[in-house]
Amino acid sequence: MLDVRGLKKVYEGSGRRVEAVRDLTFTVDAGELVCLVGPSGCGKTTLLKCMGGLLTPTSGEVLLGGRPVSGPPPGMAFVFQEYGRSLFPWMRVRDNVELPLKQKKLSPSRRRELVADALESVGLTDAAGAYPWQLSGGMQQRVAIARALAYEPDVLLMDEPFAAVDAQTRADLEDLVRGLWQQRGITILFVTHDIDEAVYLGERVLILSTSPTVVQEQLKVDLPAERDQLHTRVAPRFAELRTHVYEQIQAAKRGKAADLEDVKDMKADAPPTH
Amino acid sequence: MKAETALLGTAGFAGFLVLCEAVPRTGILSEDYFPPVTRIADALVTELGDQAFWTALGDTLTGWALGLAIAVTAGILAGVLIAVTPYLREATASTIEFLRPIPSVALIPLAVLLYGTELQSVLLLVVYASFWQVLIQTLYGVQDVDPVADETARSYGLGTWARVRHVLWPTALPYIMTGVRLAAAVALILAVTAELVIGAPGLGRRIAVAQSSQAVPDMYALVVVTGVLGLLINVGARTVERRALAWHQSVRGEVAV
């Protein structure tokens, strides 16, 4: 579904040359929920913006359904970390969700249907007439998610969407995303710096190295499909996985892959080849 | 608290009127040049009954409204164009900074040369003065577009025109509204100035005529009318601003979440 091949992004400007992403190659299958974790400042946002067609990579390419991404593709929706800035304060919730649909040349009745359905999915039917700034942070991010859902994307890119909400809201939103993923079969690429979140949400976790960034490791999360905050997070396997990811990230910060005896069995998960 | 403010305001104004009545009557100021309020009020009533007064008022308002409309349209179009075109902002900044401080009244001789005492003279001065207010505010407003909001719009496939309409315009609107409000006040000042100095038809010329014919209370009555006009324009502009920007931080106040 989503192929990233040899992606490299170098920022040049004011006499400084920053290689944000060196060489990234990975694949996300249709209907998969993949989490990307990496040390802070490792170019996660750069990667996501290249994938979303918001930035042009220096070299390499991103393919969506086999077609190269050169601008924001119609089958892709983006959820930003800064929900407060991503939602338009001059529009009511309903209009915020509907705006992208107007670009899709859908009939007004179909648009209303999609908006109502998306708001219901995130539990915000009652807030349709409110302005985003009248809602709490968690509700605002739900609106942003509803806007993405109404757009009916094949792929949903989420850039640290819950980094700015409190812990309890965050847990609710994580369950919301997993629930929506299961119901709707959307392909989701979820970027986070939170290791627990990555392991809890993902079917697969991609661990990135420090900048200049390469894929440090791909890890399959073999937790049951039905997950809940209470039990999954205390499961021994969850602890093992998160420890492993943590070690890999620490190793990434030191600049090499972790070579630890107790995680050998996990490294057997070869990255899928497509 | 609000009632108290209103009460104090009314009382203060009433005191001011009493003072303006009393001071000339006690002879501290010459009644010839500072007629008491009641005589100004009498003159005002007479003015209101005069058809020529209403024509003059109409002329002033025409010059004001037309000039403002031209300045606002041109200011917004130029501002958006300059702000969104790469390098144009840098290239025009020095010229704008040079032209902007030129007092509009310094162009009076030019206006007379070009258009004599016609409406165009008034328009030239009004447009020159108010154009910069709108242009500068538009430039600031467009610059304030949030990169996240713009990226959101781009990621959802909004084209250039849709982004101008749904992101750039609402972002710049609070700034533009401020510019228009300032421009509306400046436009009235310049309209009256042009009529007064050049002699274009309107309240300004009527003030000049009243002065030269020693009709001092009439002169004051007309000055009062221009003051009321300014007040109404400001109140009107603020009302429009509040309606249009109900969503904006400056209007909505703090919201309990």
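**Notes on the predicted model, chains A and B**

1. Starting with chain A: among contacts with a separation of 6 or more, 70% join residues 24 or more positions apart. Bear in mind throughout that this is a predicted model.

2. On overall dimensions, the radius of gyration of chain A comes out at 19 Å, which agrees with the value near 19 Å for a compact globule, because that is what the rule gives for 274 residues. Taken along the principal axes, the box filled by the C-alpha atoms of chain A is roughly 55 × 50 × 35 Å. As for burial, 43% of the 274 residues of chain A count as buried.

3. Chain A has 10 helices and 10 strands. If you want to trace the sheet, the order in chain A is β5-β4-β1-β2-β10-β9-β3-β8-β7-β6; the sheet is open, and its pairing is mixed. The edges belong to β5 (67–68) and β6 (76–79) of chain A; each has a single partner strand, so one side of each has no neighbour in the sheet.

4. One pairing to look at is β9 with β10 in chain A: residues 204–208 run antiparallel to residues 213–220, with five bridges between the two strands. As a handy landmark, L208(A) has V215(A) of β10(A) as its bridge partner.

5. Now to where the chains meet. The contact involves 16 residues of chain B and 21 residues of chain A. On the chain B side, α7 (147–155) and α8 (160–198) each supply at least two of the residues that touch chain A. The top contributor on that side is α7(B), with six residues. By class, the side of chain B that touches chain A is made up of nine nonpolar, four polar and three charged residues.

6. For chain B, the UniProt record (an unreviewed entry) puts "domain: ABC transmembrane type-1" at residues 57–241. In the model, that span of chain B is 85% helix and 0% strand, with its end C-alpha atoms 25 Å apart.

7. UniProt, again in an unreviewed entry, also lists "transmembrane region" for residues 64–84, 175–198 and 219–237 of chain B. What does the model show for residues 64–84 of chain B? The stretch is 100% helix and 0% strand, and 30 Å separates the end C-alpha atoms. Residues 219–237 of chain B are likewise 100% helix and 0% strand, with a distance of 27 Å between the end C-alpha atoms.

Definitions and conventions. Residues are numbered from 1 along each chain as its sequence is written. Chains are lettered from A and ligands numbered from 1 in the order in which they are written. This is a predicted model: local features need pLDDT of at least 70, side-chain atom pairs count only at pLDDT 80 or more; totals for chains, interfaces and linings use all residues. Helices (H or I, at least four residues) and strands (E, at least two) are DSSP runs, numbered from the N terminus. The radius of gyration is taken over C-alpha atoms; the globule rule is 2.2 Å times the number of residues to the power 0.38. A residue is buried if 20 or more other C-beta atoms lie within 10 Å of its own, exposed if 12 or fewer, and partly exposed in between; C-beta atoms are placed from the backbone. Two residues are in contact if their C-beta atoms, placed from the backbone, lie within 7 Å. Two strands pair if DSSP finds at least two bridges between them. UniProt positions are given in the numbering used here, feature names are shortened, and annotations may be inferred rather than shown by experiment. Ala, Val, Leu, Ile, Met, Phe, Trp, Tyr, Cys and Pro count as nonpolar, Asp, Glu, Lys and Arg as charged, and the others, Gly among them, as polar.
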